[in-house]
Amino acid sequence: MPTATHCPYCALQCAQAVTPTPAGGATVAGRDFPTSRGGMCQKGWTSAAVLSAPDRLVRPLVRDAAGDLTEASWRDALDLVADRLRALRREHGADAVAVFGGGGLTNEKAYQLGKFARVALGTRTIDYNGRFCMSSAAAAANRSLGLDRGLPFPLTDLGGADTVLLLGSNLAETMPPAVTHLAEVRERGGLLVVDPRVSATATLTDGGLGIHVQPVPGTDLAVLLGLLHVVVAEGLVDTAYVADRTEGFGEVCRAVASWWPERVEQVAGVPAYQLREVARRLAAASPHLGGRGAYILTGRGVEQSSQGTATVTAAIDLALALGLPGRVGSGYGAVTGQGNGQGGREHGQKCDQLPGYRSISDPAAREHVARVWGVPPESLPGPGPTAVELLHALGTPGGPRALLVHGSNLVVSAPNAHRVVDRLRSLDLLVVCDVVPSETALLADVVLPVTQWAEEEGTITSLEGRILRRRKAIEPPSGVRSELWIWSQLASRLHSAGTWDVDPADVFDELARASAGGAADYSGLSHARLDAELDGLYWPCPATPTAALDHPGTPRVFLDRFPTPSGRARFVAVDHHGPQDVLGPDAPVHLVTGRVLQHYQSGAQTRRVAELATAQPSPFVELHPLLALRIGAVDGDLVAVTSRRGRAVARAVVTDGVRPDTVFLPFHWSGPGSANAVTSDATDPVSGMPEFKVCAVDVRLASTAAPGSAVDGSRGVTVPAGGSPPPGEDGMR
Ligand SMILES: Nc1nc2c(c(=O)[nH]1)N[C@H]1C(S)=C(S)[C@@H](COP(=O)(O)OP(=O)(O)OC[C@H]3O[C@@H](n4cnc5c(=O)[nH]c(N)nc54)[C@H](O)[C@@H]3O)O[C@H]1N2
Ligand SMILES: Nc1nc2c(c(=O)[nH]1)N[C@H]1C(S)=C(S)[C@@H](COP(=O)(O)OP(=O)(O)OC[C@H]3O[C@@H](n4cnc5c(=O)[nH]c(N)nc54)[C@H](O)[C@@H]3O)O[C@H]1N2
Ligand code: SF4
Ligand SMILES: [Mo]
């Protein structure tokens with residue numbers, strides 16, 4: 001019997017039917033669902049292969065005296081971790097133990113990890129890879145709209161609009177099945193794509209189906225200020241909406257006055273006539289001028305910047321001026337990335353947050369959550385450092401001495417990777433929970449093999465804020481354990497207060513209680529209720545006095561009011577400065593980074609799937625024919641991309657799909673082709689988001705460049721091959 005579940009990878013959470021095979025693996029088929037419409041991308045179709053990766057971790061590994069990772073029993077591995085955590089805590093204080101989580105963890109795990117950090121470890125030092133992903137969009141939406149739900153409307157609503165403006169999102173490669181929801185908009189000629197590359201998504205505008213705007217990398221904020229300038233100058237503002245539903249427009253009006261299109265053209269390289277055309281198209285699609293509706297959506301291309309929060313703020317300001325948010329058929333949204341990128345940012349993995357999207361600095365929130373956890377509110381630590389600050393502090397005087405990693409492959413995915421590897425190596429204790437020997441796991445002192453995706457029960461909150469059941473379809477290898485079990489074991493060894501459930505349904509019930517009354521309220525939900533609702537339910541979904549009147553969930557938020565103190569959305573004035581890593585004679589070319597269809601993130605999972613690895617076997621760099629000519633490179637040559645921090649060597653793909661002043665490098669690989677050896681770890685002052693997308697580089701043939709060093713996790717490691725673990729003691733392995 002197939003089990004109804006959802007894809008292990010991105011936030012679209014395509015619906016799957018997973019059937020176990022007699023050999024211990026599984027087959028995966030598409031299943032009808034509103035967002036994926038039965039479809040999947042190549043990663044989804046091949047996702048079962050990760051379950052039986054040849055080097056799947058099936059036993060705990062502990063680094064021995066010779067420096068090799070060798071097998072250990074669960075009892076020994078957990079005793080070792082607990083003993084060392086206790087000692088470090090005694091010597092250096094609770095904050096010396098740091099935790100790094102992931103947006104791929106289920107809601108149950110994300111919640112329990114936040115609780116484990118605050119209650120069992122008592123540390124404030126916790127953050128997660130969502131800082132690299134959703135933090136700018138979240139910070140801007142919270143500030144301007146009072147709430148951060150990536151898409152505050154169902155994805156299927158897009159089909160009814162005249163225009164969709166996609167800012168720095170390559171949906172056609174990062175969520176291919178979602179492109180079906182743009183079909184009607186394209187038929188109306190209304191797809192507007194802003195990307196410095198001719199991405200797969202930009203080509204969807206070809207043939208009169210829309211407009212591709214190709215700015216200089218890192219100048220989107222100027223483009224948005226220019227668009228709002230045109231809207232104001234040409235009298236296209238929805239004045240009734242601005243008066244009824246917003247505040248602060250006057251200041252924004254003044255701020256955009258100096259961003260006339262010809263000035264934007266100078267800064268961003270976008271023709272003034274094109275800016276006017278885009279602004280007019282958006283306005284004509286807006287309801288107040290009789291249009292069917294317009295959407296403005298942001299992706300990582302504009303968010304992963306040192307002015308990411310400001311850029312999203314400008315996108316929201318533009319949407320507010322046109323009267324889009326909180327109207328059926330129009331709106332602003334951020335396209336959330338990781339499988340549980342939405343739920344993973346609601347329940348306490350963030351450094352300043354408690355479950356239900358509550359602030360850890362809010363006395364009432366601390367009181368409520370502490371009661372659910374059975375601990376005194378004053379025992380909860382305060383806010384900690386954001387991800388990049390946390391990573392930079394590792395092993396420094398006064399910084400954390402230990403790090404626990406759950407669901408992130410930092411060595412490949414964190415910015416300025418050489419610095420990160422350096423910091424990881426300086427730790428007294430690195431513990432990594434993973435399903436495969438990722439580059440980060442290979443650096444660890446202790447590696448704990450965990451269950452994944454189709455091997456466990458749980459819930460995921462998709463990019464629309466829709467809570468879905470992830471179900472167990474196959475038995476995990478006998479040596480692996482769920483992270484819920486690992487935390488309960490460690491909590492008991494650390495003599496922690498509180499209860500540590502291991503059944504995901506029980507953990508969900510506790511999460512629901514902890515979230516009650518918060519912005520992301522799940523208190524009306526349970527695994528049982530979600531099992532009865534095959535398409536899931538949207539939050540907020542609060543508990544009601546009687547089950548007969550269950551709350552139906554909230555597909556569209558903001559329809560009546562914005563959850564700000566005044567009930568109005570806030571215009572916030574911002575200004576453009578540009579990326580922090582500026583071009584110079586040593587680094588005259590823009591590097592932009594991003595994704596390809598076949599690989600997921602650090603590639604830890606997809607590089608292990610034969611079909612995907614064959615389709616995209618190695619790192620490559622896209623460069624324009626003019627730049628290729630200048631450095632004497634042809635297709636397939638090895639090219640060195642060098643920044644002020646490091647370099648990557650990758651195969652040249654010569655294409656006029658990038659600007660002559662820009663190269664593109666995907667970040668899915670480690671070793672000599674690691675994009676993050678090159679990227680900048682400058683961060684956004686509001687969100688802490690690193691400037692992944694744009695930095696300054698020198699580009700030349702590898703044979704003529706100075707030698708560099710590769711980023712990888714090797715530390716003289718021997719990883720035992722997978723297989724059945726030896727019998728353990730007391731049922732523990
Ligand atoms: N295939 C695949 N799909 C994925 C993932 C994956 O790793 N692989 N990851 C998932 C996750 S976690 C995320 S966050 C999403 C990300 O989804 P997207 O945001 O769609 O993905 P990216 O490729 O990171 O960036 C999108 C585009 O930004 C452009 N860009 C770069 N610099 C700039 C700039 O300065 N301005 C503008 N306007 N655009 C710029 C790039 O050229 C790229 O085409 O994808 C999800 N889906
Ligand atoms: N240059 C550049 N760098 C980027 C980006 C970019 O656009 N450009 N994008 C950034 C973004 S948006 C993101 S989201 C990050 C993502 O980058 P990472 O945080 O590295 O994310 P993944 O590669 O998904 O790593 C997840 C790890 O968890 C493991 N895993 C899977 N399931 C489980 C589980 O249930 N429990 C545990 N413990 N482990 C599990 C996987 O095997 C894998 O090793 O990369 C960021 N880095
Ligand atoms: S689009 Fe995302 S959720 Fe859908 S199959 Fe591909 S990776 Fe999985
Ligand atoms: Mo992401």
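1. Let's start with ligand 2, which sits in the largest cavity. "Cavity" here is a set of points, on a 1 Å grid over the protein atoms alone, where a 1.4 Å probe fits but cannot get out. A molecule "sits in" one if more than half of its atoms lie within 2 Å of its grid points.

2. Before going on, some housekeeping. This is a predicted model, where local features need pLDDT of at least 70 and side-chain atom pairs count only at pLDDT 80 or more, while totals for chains, interfaces and linings use all residues. Residues are numbered from 1 along each chain as its sequence is written, chains are lettered from A and ligands numbered from 1 in the order in which they are written, and side-chain values use heavy atoms, with hydrogens and water left out.

3. Who surrounds ligand 2? There are 32 residues around ligand 2, and the closest are Asn129, Ser413, Asp434, Glu483 and Ser602. A residue counts as near if one of its heavy atoms lies within 4 Å of the molecule. By class, the shell splits into 11 nonpolar, 16 polar and 5 charged residues. Nonpolar covers Ala, Val, Leu, Ile, Met, Phe, Trp, Tyr, Cys and Pro; charged covers Asp, Glu, Lys and Arg; the others, Gly among them, are polar.

4. Now look at the oxygen atoms of ligand 2. The side chain of Ser413 has an N or O atom 2.7 Å from one, a polar side-chain atom of Lys693 lies 2.8 Å from one, and for Gln304 the distance is 3.1 Å. Taken alone, ligand 2 exposes 920 Å², and the protein buries 96% of that. Areas come from the Shrake-Rupley method with a 1.4 Å probe.

5. Ligand 1 takes up the second largest cavity. Of the 33 residues around ligand 1, the nearest are Asp195, Asp220, Arg595, His599 and Gln601. The shell of ligand 1 holds 11 nonpolar, 14 polar and 8 charged residues.

6. Which side chains reach nitrogen atoms of ligand 1? Asp220 has an N or O atom 2.7 Å from a nitrogen atom of ligand 1, and Lys43 has one at 3.0 Å from a nitrogen atom. Arg197 instead places a polar side-chain atom 2.8 Å from an oxygen atom of ligand 1. On its own, ligand 1 has 910 Å² of accessible area, and the protein covers 99% of it.

Terms used: A polar contact is a pair of N or O atoms within 3.5 Å; within protein, one must be able to donate a hydrogen and the other to accept it, and residues adjacent in sequence count only if both atoms are side-chain atoms. On a 1 Å grid over the protein atoms alone, a cavity is a set of points where a 1.4 Å probe fits but cannot get out, and a pocket is an open set with protein on both sides within 12 Å along at least five of seven lines; lining residues have an atom within 4 Å of a point.
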